[in-house]
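Here are my notes for you on this one. Have a look at the fold yourself, then go through the points one by one.

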Amino acid sequence: MTKKDNTNQTKWWKSAVIYQIYPRSFADSNHDGIGDLQGIILKLDYLEKLGIDAIWLSPVCKSPQDDNGYDISDYQDIDPMFGTLTDMEELIAEAGKRHIRIIMDLVLNHSSDEHYWFREARKSRENPYHDYYVWRDGAEGQLPNDMRAAFGGPAWEWVPEVGQYYFHQFSVKQPDLNWENPKLRREIYDMINWWMEKGVGGFRLDVIDQIAKEPDRKITCNGPRLHEFLRELSRETFQKGDLVTVGEAWGATTELAKLYSNPDNSELSMVFQFEHICLDQIPGKEKWDLAPLPFRKLKEVFGRWQRELYGKGWNSLFWNNHDLPRIVSRWGNDNEYRVESAKMLAILLHGMQGTPYIYQGEELGMTNIRCQLEDYRDIETLNLYRERLEKGYEKAEIMDSIYAKSRDNARTPMQWNDGENAGFTDGEPWIRVNPNYQKINAAAQMAEEDSIWKCYQKLIRLRKEYPVFAEGEFQMLLEEDENIFAYTRTDACSQLLVICNFYGSTVEVDLEELESAGELLIGNYKDRKQRRVLGPYEGRMYWRELG
């Protein structure tokens, strides 16, 4: 077997697997019902055993928590609900002992309205911090334009002290930063370098494609100066260390992704794009307007990103994150085939080129939750319910959309064991625990021989062992097939074949590559004798040496 050469340390992230933690829902150490940094430290051995290389930590900086930490009031301090700066330094050090890097989630498009900069900015137009934000003249009640915020309502908020509106793409408590101001940019770079000196291993940059907005032209994503700003940001910060940098870019195309993740390291390591994850909504509508997944389109999207970035950029591979529903409930089967479909989705994704991300609980096959409206905490979900009710939607229809797409599906507490509150806390959880924790939990799966957890553990190990995972060229097979997702990855020495039945019926496969596929590296069914028959949600990964 050809083993991976890991001498090129600048590209360590090409064979890495990253694990995302949503801190308030991961592990509570101080009995207050909210996860914290010390809770994460207590679970580092679990993550080391799983085999991951880095933790993407959703925001832990000081925040009023209007949007669960994505409204930062102090970039250089830790929110008391999670602990202290000393706890953060301990987490970085303890993770490092286990060869795990900490990736911080930085929100550079906007701050909290409680940040010192904004508290100063709203005092007067002459204040030196005023230009750190995006303002427009006007009169109260006469908005600069009709732009809407992502969480509902106008994108403009009146401040009588200065007689101006400030721009906010998200919550009214999240004023957008003005990247046109070089003094603001310098403050951001100094802050990032400060964290780098503390030993963080990288940064995930929230909605980074929106920093170059031009609201007068109604441009939010991919503004004219975006890549100029990113190159300066990288030059002043990231290029000074051996970091991984990930740009969240909802508006990315493959051409734009080549700029974000150019191998010359001028901007970012990789892009976090969402084209595949937006397919199950009515075209031109919101994510809440549900539609069946167009399976062949899913294959087309994945195939295009694999082909067009090959040698020219780098992609993130993911099914889940803190903003998305659980994939086994979304595109798998969270009932009779939960285990099979969760493994199949993992095998399908982890065989591609890019850096895989595992969102906490994904490795257990955690599912969406169905609960009463009063149990939801997400600002987007609650605003959606109110707005659609006002528009005349039926309550049942709104709740169906929430059950399918609410961000709180991903934010229920991590299911550690079958004890009280799933072992997450012995206090009162900040959000309801999914009732199925007695069946779905980490303790049970780590003890099982053939669990979803063991499948993820093996996929992580395979990525480190076989060079073809990082460098192999992608080719889609059976492009028109309505049930099967199959592809090869080929390098100079070997070939990987991944073949998955995406649905719940047994299918026969007419694929000659199966006859010479070689060694079965991993599959989700035991003792399969017929290579050309795939059971419901069956996934397999083969490897063979060439020449």
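1. Let's start inside a sheet: Arg489 stands opposite Leu496 in S16. A neighbouring pair is Thr490, whose bridge partner in S16 is Gln495. Strand names like these come from DSSP runs numbered from the N terminus, where a strand is E over at least two residues and a helix is H or I over at least four.

2. Before going on, some housekeeping. This is a predicted model, in which local features need pLDDT of at least 70 and side-chain atom pairs count only at pLDDT 80 or more, while totals for chains, interfaces and linings use all residues. Residues are numbered from 1 along each chain as its sequence is written, and side-chain values use heavy atoms, with hydrogens and water left out.

3. S15 (residues 484-490) and S16 (residues 494-501) pair in the antiparallel sense over 7 bridges; two strands count as paired if DSSP finds at least two bridges between them. The link from S15 to S16 is a hairpin through 3 residues.

4. Now zoom out to the whole sheet. It is open, has 5 strands in the order S14-S15-S16-S20-S18, and its pairing is antiparallel. Strand S14 (473-477) and strand S18 (519-523) are the edges, each pairing on one side only. From one strand to the next, the twist averages 20 degrees.

5. One of the pairs to look for is Cys500 with its bridge partner Gly539 in S20.

6. How many residues of S16 are buried? The count is 8 of 8, where buried means under 20% relative accessible area with a 1.4 Å probe, protein chains only. In a regular strand the side chains alternate between the two faces of the sheet. In S16 both faces are covered, with Ser494, Leu496, Val498 and Cys500 on one side and Gln495, Leu497, Ile499 and Asn501 on the other.

7. There is also an open sheet of 3 strands, in the order S6-S8-S7 with antiparallel pairing. Its edge strands, pairing on one side only, are S6 (135-137) and S7 (156-159). Here the twist averages 35 degrees from one strand to the next. S7 is joined to S8 (residues 164-167) by 4 bridges, and Trp156 has Phe167 in S8 as its bridge partner.

8. After H5 comes Gly199, with a positive phi near 100 degrees. The buried residues of H5 include Leu184, Ile188, Tyr189 and Trp195.

9. Last, a helix pair. H11 (residues 379-390) and H12 (residues 395-405) pack at an angle of about 155 degrees, with their axes 10 Å apart. H11 and H12 are therefore roughly antiparallel, a label for angles over 145 degrees.

How values were computed: Axes are lines fitted to C-alpha atoms, for helices over the stretch in contact, and angles run from 0 to 180 degrees between N-to-C directions. Buried means under 20% relative accessible area, exposed over 50%, partly exposed in between (1.4 Å probe, protein chains only). Angles under 35 degrees count as roughly parallel, over 145 as roughly antiparallel, 65 to 115 as roughly perpendicular and the rest as oblique.
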